[in-house]
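Hello,

Here is the structure I promised to pass on to you. Have a look at it first, and then read on for my notes.

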Amino acid sequence: MHDPDQDPVAESLQPHNPLVNHMSVRTPGASDTSADPASGRASLGWMAVVLLVSAPLLVTLFLALWHTPFPISEAVALLEDVSKKSVESFVIPDASYYRPFYHLSLMAIWRSSSPLDTRLADIKLLHFVPVAFLVLLFLWQMRPRTGTQAAAAAVAMAVLVGSPGFRDNIELPLAYTAVGMPLALAAWVLVNREWRFWHPVAIVLFAIVAIGFKEQGLVIVPVVGVAWLMRAPSARTGLVVTLVALTVAYVTARLVWHGPLPLFEQSMGLGFSTLEPSEAAARYGGFPYWLYAYNGLSTMANVLFSEPTRGLFFISRDIAYLRVQPWEVVQLVSSGLMTACIAWWGIQRVRDEARSGWTVESRTFAALVVSLAACGVLSFDYSRDRLGGMALVFYAVSAYYATCALCHAMGAVARARAVLVGVALMLLAVTWQVRAVGTVEYVRRTAWRNQIEWLADLPKRRAEFVDRHEYRDIMESMVEQGTRPGSSEPTLYPRWLARTFLPRP
Amino acid sequence: MTTQPERHTMRSSRLAAWCLWGPTLLAALAVCGVEGLRARRPDDALFATPFAYSLADAIEHDDVQRAYAFIRAGQDPNGVIAVRHADKTAGRTVLVSPLLWAVDVRAEHAVWMLLGFGARLDAESSRTAICLATQLGYTDIANAIAQYGATPAPRACRTLRAGEVPLLAALEEGAGR
């Protein structure tokens, strides 16, 4: 199959719309770089620049994460589970939450004979290595070749790091989707490359691992499916059939093994208020599908507009009551503008390439649409920011292409409109960088809160779990890591600046 | 040789790139500056809460981490601390247990921390702390001590006289026993 994206000459002969043709960012495709060593060197050089510019933020983020104590609330219970339950209990899909690979990884680390500090560090690595891999792979996927593209890549990096789907997925020790996100991107990179015999094997493996960590990994299946429909080089029919069979087997196994499911598993936001599962069942149990649709749409809207959060329209409420805070303005402007930019770019690319043949750009836009839909479907029961993580990967890649397109469009429009485009670009860069810094502060605040919990919640938990000896033993063994001085603490910025990054604590 | 529209396009493209690079570089430099300062001056007001001179000071500000640092460094959570406050002690310096002081200044986190890290209550001191919290209207703290401290001595809390300072009354009653 011929793919114009792999062949610059063929692509240049295509009767594209001049503006859209100008917008094209010809990025990922292995053959581009290998065919042109000078371009490859330029690409590596610009990647290094982007990495260098993003390094202060990324290094600070990872250091803050590393110095974050495990939370008393989630971590101890998880470790108790892997400490006393059998391997079978995690492998047989008879529970509401099925994350066998995650639990088995945690079990392998926790039951090892290493000292406690080493085991806790390993659990952190289980979380951070995929996140670091995601960041590097993301950069590799963009591979900027010019200064403009490099600038767009730096902004896209801020989009990735500054989004709620990223923030919520770096919460220790819940590494479920943090593993799935780089695997989804890796599958996407491979599926768009020239076919090699090992690509389908690797993609299926990625999907299995991602699904094994959390059902959100299923998002990879429709993403590869849409790549197949749009004739991506490595998306062959056999691969798609295998992935569909894998999905059918997974869903069947979950349904067969599972007893009757509760209508609602966790609390959920509805408008401006929170519903507990029992209340939701009482009010909407007769026909829960509207609420399911609401939850799914909430997750999708959170990726696109950073609102609602957990199904709750916090920002809208504050606007309604004229109590808008600076961070809310930053979130709305950045997400609204970027989503509009992506929609403008994506629709044009799809419209033009429907005639001329698909490239990786139009495929990325389609992958964003289907991954969003898949995240929505998979979060039907309750909405959380982290449930949009898989779609966020494609949102951020799309942000790169769309920002490049906007930069190029600036040169193709009249001066007055070019000024507007310039202002929009500046706003995008400012607001997303603010959000990326906000993520670092979010991590620090989480670390600080975790430590306060260790200091203040201990007596309550000792009393509450007096009969769960395993739980108490694990908790007591972790007191030192939870209370050790030197954990990350929020920067005490002046109030106006602090409120620009995050809500009031 | 480039044409006029080509030059316009190139200029616009460069301008667009700088619209993005400007804030991006500024953010990178700002992060470098803040983190550099954090490494060089970790006690700067930008990174550290105000210095606590004593356990009493940390408790008064409900700075639970600083309060814990004193306990971690070896200060006895069951010992006594000297406190002085214009209202809470009527300007007098008095010796009081850290827990009672935490109750008096409504340092809820510090109360929990002290209960979790070694503060032992007997029936009488538990009752004194609960009575003080109740007199001050801090129901949550009273309930917490009742639930997670020792079982309080079974005597009703006395009513404060007009103008009486709750902490001083609690200390006098404790001394009277």
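Where in chain A does Leu322(A) lie? Leu322(A) sits in the loop that runs between helix 17 and helix 18 (326–356) of chain A. Please keep in mind that this is a predicted model.

Leu322(A) is not a glycine, yet its phi is positive, at about 55 degrees. Leu322(A) counts as exposed, because 6 other C-beta atoms lie within 10 Å and the cut-off for exposed is 12 or fewer.

Ser306(A) is found in the loop between helix 16 and helix 17 of chain A. Ser306(A) is buried: it has 25 other C-beta atoms within 10 Å, and 20 or more are needed for that label.

The loop between helix 16 (289–305) and helix 17 (314–320) also holds Pro308(A). The peptide bond that joins Glu307(A) to Pro308(A) is cis, with omega at about 0 degrees. Another cis bond runs from Leu172(A) to Pro173(A), where omega is near -10 degrees. Pro173(A) is placed in the loop between helix 10 (164–167) and helix 11 (176–191) of chain A. As background, most peptide bonds are trans, and most residues other than glycine have a negative phi.

Now to confidence. Chain A has a mean pLDDT of 90, and 92% of its residues reach 70 or more. Residues 1–23 of chain A have pLDDT below 50, and this stretch makes 37 contacts in the model beyond near neighbours in sequence. For residues 26–35 of chain A the pLDDT is below 50 too, with 25 contacts beyond near neighbours in sequence. Where pLDDT is low, the predicted coordinates should not be read in detail.

Then there is the contact between the chains, which takes 36 residues from chain A and 32 residues from chain B. On the side of chain B that touches chain A, helix 1 (4–40), helix 3 (64–72) and helix 5 (108–116) each supply at least two residues. Helix 1 of chain B gives the most, with 19 residues. By type, this side of chain B divides into 23 nonpolar, eight polar and one charged.

Best wishes

Technical notes: Residues are numbered from 1 along each chain as its sequence is written. Chains are lettered from A and ligands numbered from 1 in the order in which they are written. This is a predicted model: local features need pLDDT of at least 70, side-chain atom pairs count only at pLDDT 80 or more; totals for chains, interfaces and linings use all residues. Helices (H or I, at least four residues) and strands (E, at least two) are DSSP runs, numbered from the N terminus. pLDDT is the predictor's confidence in each residue, from 0 to 100. Two residues are in contact if their C-beta atoms, placed from the backbone, lie within 7 Å. Ala, Val, Leu, Ile, Met, Phe, Trp, Tyr, Cys and Pro count as nonpolar, Asp, Glu, Lys and Arg as charged, and the others, Gly among them, as polar.
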